[in-house]
Amino acid sequence: MKSVLIFFCLCIALGLSAPPGKEEVHIVEQSADVQANGYKLSLETSDGTKRSEDATVKNPGTDDEALSVKGLYSYVGNDGVTYTVNFIADENGYQPQGAHLPHV
């Protein structure tokens with residue numbers, strides 16, 4: 001019971017510590033299509049954040065089976081600039097690209 005009370009107090013404290021004047025963010029658009037061989041999803045929130053992904057299963061049913069995901073996400077930074085990251089995530093790892101990211 002004591003831990004529940006502490007958790008409840010922490011939740012209240014976090015709620016009260018939110019910056020004043022910040023609008024609550026809500027989902028503007030959301031879609032998902034999950035299939036046996038992959039998925040597609042998209043999400044947009046009222047603060048300008050967007051995300052979309054398209055995933056496919058490569059080499060299904062083999063020892064080399066892997067999920068390959070291509071997508072992007074964008075958000076509005078504290079400076080008011082919209083930052084976009086395009087990415088691939090597959091058997092070679094996570095590979096982000098964006099104008100604001102260092103090139104390696």
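Is E53 buried or exposed? I looked that up first. At 12% relative accessibility, E53 counts as buried (buried is under 20% relative accessible area, exposed over 50%, partly exposed in between, with a 1.4 Å probe and protein chains only).

A note on ground rules before going on. This is a predicted model, where local features need pLDDT of at least 70 and side-chain atom pairs count only at pLDDT 80 or more, while totals for chains, interfaces and linings use all residues. Residues are numbered from 1 along each chain as its sequence is written, and side-chain values use heavy atoms, with hydrogens and water left out.

**Entry: E53.** I placed E53 in strand β3, residues 50-58 (strands are DSSP runs of E, at least two residues, and helices are runs of H or I, at least four, numbered from the N terminus). Next I checked what E53 touches. Beyond its neighbours within four places in sequence, I found contacts with Y39, K40, L41, V69, K70, G71 and F87 (contact is heavy atoms within 4.5 Å). With Y39, the side chain of E53 also makes a polar contact of 2.5 Å (a pair of N or O atoms within 3.5 Å; within protein, one must be able to donate a hydrogen and the other to accept it, and residues adjacent in sequence count only if both atoms are side-chain atoms).

**Entry: aromatic rings.** F87 made me look at rings. I got 3 aromatic pairs in the structure (rings of Phe, Tyr and Trp, the last by its six-membered ring, pair if their centres lie within 6.5 Å; planes under 30 degrees apart are stacked, over 60 edge-to-face, the rest tilted). The Y73 and F87 rings have centres 6.2 Å apart and planes at 45°, so I logged the pair as tilted. This pair links distant parts of the chain, 14 residues apart: Y73 is in strand β4 (residues 66-76) and F87 in strand β5 (residues 82-90). F87 is buried at 6% relative accessible area, whereas Y73 is partly exposed at 26%.

**Entry: N59.** I found N59 in the loop between β3 and β4. Its phi is near 55°, a positive value in a residue other than glycine. With a relative accessible area of 42%, N59 is partly exposed.
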